[in-house]
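Here's a quick briefing on charged pairs and helix packing. Have a look at the model first, then read on.

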Amino acid sequence: MTVDSVLALARRHPRWSSFAAVLLVALASILLLDRPLAEYIHAGQSPNRYGFWRTVSKVGQAEYWYGLALIGLLVAFVRSKLAWTLEGIAECRRQARAWWFMIVAMLLSGAAVHAVKFALGRVRPKELFDTPEPLYGFFPLSGEQSFPSGHSQAIWSAMIALTALFPRHRWWFVAIAVMVAYSRVATFQHFLADILVGSAIGVLITLAVRDRFARKASLRIGKEA
């Protein structure tokens, strides 16, 4: 396969090409960077800094974002029952469908991440520092769950979904996703490769679900940018 054919394939399938590129970077990180980076961060980590990133990390808990989507779904449902016009009812149902999209995207990407987690069984970076004998590596079907990062998947899936619903605030959503994903490295819950692949799975599946839902009606709730 020539360079031109590879570039042509990448242009035809930009999302899958981007995902493949992330996987290659993650593989390089596993081989060369993950362990020394974790040790470097651990050596320079202060209690205050650790506490800050631990708080940021909690923002990535999936239940918060499922809760938000369920509240949005419930509000739209109630409003549809109170609407006086057919147009109002249709609009409320469209918004309910938009919140349902967010739930489906998070569920599917979460299922994919957890299937990989249990299959590969990577040890978390904290096992390098919190055990008498440091552990590092992959132990398939062992129950270890470092790779890929579920928090990174959940926050990127939620933020990409919210970007579709509220495009005006998309850069805030991206900033939140980046900070939460990095917090998983800063608190020694995941290696760099873990958050890269978790984030990529969250983005890829959410975009695919968005495209499918958007064929029938717009998912936008907030104002345009």
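Buried means under 20% relative accessible area, exposed means over 50%, and partly exposed is in between (1.4 Å probe, protein chains only). On that scale, Lys117 counts as buried at 3% relative accessibility. Bear in mind that this is a predicted model, where local features need pLDDT of at least 70, side-chain atom pairs count only at pLDDT 80 or more, and totals for chains, interfaces and linings use all residues. Residues are numbered from 1 along each chain as its sequence is written, and side-chain values use heavy atoms, with hydrogens and water left out.

**Lys117**

- Lys117 is found in helix H5; helices here are DSSP runs (H or I, at least four residues), numbered from the N terminus.
- Contact means heavy atoms within 4.5 Å. Leaving aside neighbours within four places in sequence, Lys117 touches Arg124, Glu144, Gln145, Ser146, Phe147, Pro148, Ser149, Gly150 and His190.
- From Lys117 to His13 the separation is 104 residues in sequence and 26 Å in space, C-alpha to C-alpha.

**Salt bridges**

- Side chains of opposite charge can pair when their charged atoms come close. The cut-off used here is a side-chain nitrogen of Lys or Arg within 4 Å of a carboxyl oxygen of Asp or Glu.
- Searching the whole structure turns up 6 salt bridges.
- One of them pairs Arg15 with Asp211 at 2.5 Å, N to O. Arg15 sits in helix H2 (residues 14–44) and Asp211 in helix H8 (residues 192–214), so this pair ties together parts that are 196 residues apart in sequence.
- Arg15 is partly exposed at 33% relative accessibility, and Asp211 is partly exposed too, at 28%.
- Glu91 and Arg94 form another salt bridge (2.8 Å, N to O). Both belong to helix H5 (residues 86–120) and are 3 residues apart, about one turn of the helix.
- Glu91 is partly exposed at 30%, whereas Arg94 counts as buried at 19%.
- Arg122 and Asp194 also meet in a salt bridge, at 2.8 Å, N to O. Arg122 is in the loop between H5 and helix H6 (150–165) while Asp194 is in helix H8, so the pair links parts 72 residues apart in sequence.
- Arg122 is buried with a relative accessible area of 0%, and Asp194 is buried at 0% as well.
- Salt bridges with shared partners join Arg15, Arg210 and Asp211 into one network.

**Helix packing**

- Two packed helices are described by the angle between their axes and the distance between the axes. The axes are lines fitted to C-alpha atoms, for helices over the stretch in contact, and angles run from 0 to 180 degrees between N-to-C directions.
- For H2 and H8, the axes come within 7 Å and cross at roughly 165°. That makes H2 roughly antiparallel to H8, a label for angles over 145 degrees.
- Among the H2 residues making this contact are Arg15, Trp16 and Phe19, and the H8 side includes Arg210 and Asp211.
- By class, the H2 and H8 contact has 18 nonpolar, 1 polar and 4 charged residues. Ala, Val, Leu, Ile, Met, Phe, Trp, Tyr, Cys and Pro count as nonpolar, Asp, Glu, Lys and Arg as charged, and the others, Gly among them, as polar.
- H6 and helix H7 (residues 170–186) pack at about 180°, with their axes 9 Å apart, which makes H6 roughly antiparallel to H7.
- This contact includes Trp156 and Met159 of H6 and Phe173 and Arg184 of H7.
- The H6 and H7 contact has 11 nonpolar, 3 polar and 2 charged residues.

Methods:
Helix = DSSP H or I, 4+ residues; strand = E, 2+ residues; numbered from the N terminus. Parallel < 35°, antiparallel > 145°, perpendicular 65-115°, else oblique.
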